[in-house]
Amino acid sequence: MAARGELWVGDLLRAWKQLADGQAPGASALRTAIADTLGLGTLAAPAAARRSSGVADDDVDHLPVNDTGASRAIDEPSPPEPQPLALPPVSDTRSLRPLTPIGRSPLRLPVEADDSLQALPLESGVSAEALPFDPLIDPARARETVGAAIALRRAGKTIDVARLVDAVARGAPPARLPYRATWSPRAGVQVLLDGGEGMTPFFDDQLWLIRQLARNVGAELMRVYRYHGNPLRGVRELPRQRYAPPAYPASPRPQRAPPLLAYAPPPPGTPVLVLGDLGLGRGDESAGLPDWSAWAQQLATRRCPPLVLLPWSPAHWPKLPRCLALAYWDRSLGLGALRQKRRPT
Amino acid sequence: MPNDLASYTSPLSGPLTSESLPEGTGLDSPDRRDGSVYRCPPALHLALDVALATGRPLLVRGEPGTGKSSFAAFVARNLGWRYYEHAVTSSTEARDLLWRFDAVRRLADAQARAALGGTPLNDNDYIEPGPLWWAFDAASASRRGQAEGVPVRPLTEPFGELNADRDRRRAVVLIDEIDKADPDVPNALLVPLGSLRFHVSDLGRDVAREQTPALPTASAADARSNGLLIVITTNEERELPSAFLRRCITVRLDPPDSGELVEIARLHFTRPGQDFDGMVAPTAQRLAERLKEARDTARAAGQRVPGTAEYLDALRACLDLGITPDDDDPLWAELRRISLAKD
């Protein structure tokens, strides 16, 4: 049997024929419900009817794109509105062929500012629209890139037969069974967001990246803190509602700012991801370097590998301890570079 | 759910019914795996039928405690199909659902054999078939992939007691909480779930789902489906890959409202000769209202939201301990804290 591809109109016809045939009263509504269940509702109902379904534009960002559960990516382009198709009668299936996607839902871009910053008021009579948001990481590779930023190489469940045979062939009795290593994000991550002035242009990127992390890795595995200058000067935890996927009704945002906490490293073995500029944006990076060295040493004793995503090119990077890995946070950032940074030294 | 679905009559899986628990039944687990008690909303029933009609996996989404995991066993009992499950954890690999190979045991046996002598080792003895292997080909799984007539180390079928009287060629598989797995796991399952076939590299052979012949007394589901239903649940702690979602029939289980909670309680607490409406319903109704308050409070605080399972636990405690779910009862605050809020 050949592997089956994605849901298509053939699935819809099969379900219609088996479930809706012979149910004359309400068959039309049932066919619409079946099409909605398959995520092919546009084939059963005119687009105009769907537009009048009561879904407000403001809600669009919080809804899945269709009933298949695939949330719309934050960065997808906005092609033309899908148009309804005229289908032949169910009994005539000979002329049917797989459909090519004809469009996606329109784009909505959340642009959210940092809590501590207030936008300047506009002059009266001036109107302005938010510029399109273009994240620093290629959206098409967001899943693999953000996953690689926190994934660590860990022993899997499969015995590494080659290493085992090699050891036995050398006459070295294996003290422990070698297992094949795999990259996994299951250790979770502590994310530290630089809230300094120099990072102001990148606040949206920080939020975008941690939301991508929550979507792809799971908010349960994340703790996110914001710091100014250096984490050792204190951190504030970012409420999970700010970055967790909106699968359920959103909770109201807390009214009070989270308390300032003394920085504590994560549990041993948990990677740390810093989204910051190490002070480069303010031009006083050298003043904070001893703090960063002390912070990195603290993590090293707990085997928590840190990685700093820095929106400054390597030509500007300060000299730091080797245990503090830096990566250039821009469109060139990819899986290979991140794996290299995360590989145990 | 559209109103039109309220009267949905299934031509495929038929009416799905719960069993009355026998008189004298004591503790009734709210997360039953025998599938005897479940309340199936019409939209879920329709999604089940669409999954059966199209032969696609059914992905059930929703908050924890909304009854996602109990649904598969309920369907298996109603259809008379075998039932298998795998609870996904963060260390689950896609291959765990297909088979596992006990290399450590084989190594130990090989060393013992080298020292003591004996018959050659049989790789099949170290194979542990996973739930998808059992569902695709139970006969082959029960022989660890060994050809008929060749001796192999005995193997116990999962849920053997439950499946004893059920058709070996038809099965329901529950893959529970797939969002707990590493992000690569769902994509690694695309081929086995799409082609109903996989390659056992440790044996160098394929396991494939054969087309199931219709039974002489087949129900509609038997006759029109492939005799296989794969139910996957997710708490949506992380987003699933698009390629995976596009191949599944998806349905969301919303938390039941107060009236639905009482109906669920009716299914779990009705015993022969017992007056549910007179003895249980008032407490069940009041507790359902308190659960809604607790859920709203937990959501506002960004905390874990209590679900149906907690409701049933709290109701059982109220009935057995004589606690009224009202602020007038001094024990209620403590019961609420330990059974619903769990703070």
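Predicted model: local features only at pLDDT ≥ 70, side-chain atom pairs only at ≥ 80, totals over all residues.
I will begin with the place where the chains meet. The size of an interface is often given as the accessible area lost when the parts come together. Here chain B and chain A bury about 4300 Å² between them, with 52% of it on carbon and sulfur atoms. On the chain B side, B:Arg56, B:Glu239 and B:Arg246 lose the most area to chain A, and together they account for 15% of what that side buries. The contact draws 49 residues from chain B and 52 residues from chain A.

Let me turn to the polar side of this contact, where twelve residue pairs of chain B and chain A are in polar contact. Several elements of chain B give two or more residues to the side that touches chain A, including helix H1 (42-54), strand S1 (58-62) and H13, and H1(B) provides the largest share, six residues. If we sort the residues of that side by kind, we find 19 nonpolar, twelve polar and 18 charged.

Side chains of opposite charge can pair when their charged atoms come close. Another salt bridge links B:Asp182 with A:Arg186, at 3.3 Å between the closest N and O atoms, and A:Asp11, A:Arg14 and B:Arg56 are linked in a network of salt bridges.

Within chain B, the side chains of B:Asp167 and B:Arg169 meet in a salt bridge at 3.7 Å, N to O. Is B:Asp167 buried or exposed? B:Asp167 counts as buried because its relative accessibility is 19%, and the cut-off for buried is under 20%. B:Arg169, at 39%, counts as partly exposed.

Finally, helix H14 (residues 308-321) of chain B has 14 residues and reaches 20 Å from its first C-alpha to its last, close to the 20 Å expected. Its buried residues, among them B:Tyr311, B:Leu312 and B:Leu315, pack against helix H11 (258-269), helix H13 (281-300) and helix H15 (330-341) of chain B. Just after H14(B), B:Gly322 takes a positive phi of about 70°.

Terms used. Residues numbered from 1 in each chain as written. Chains lettered and ligands numbered in written order. Heavy atoms only, no water. Helix = DSSP H or I, 4+ residues; strand = E, 2+ residues; numbered from the N terminus. Expected span 1.5 Å × (residues − 1). Buried < 20%, exposed > 50% of the residue type's maximum accessible area, 1.4 Å probe, protein only. Contact = heavy atoms within 4.5 Å. Buried area = accessible area lost by both parts, 1.4 Å probe. Salt bridge = Lys/Arg side-chain N within 4 Å of Asp/Glu carboxyl O. Polar contact = N/O pair within 3.5 Å; in protein donor to acceptor, adjacent residues only side chain to side chain. Nonpolar A, V, L, I, M, F, W, Y, C, P; charged D, E, K, R; others polar.
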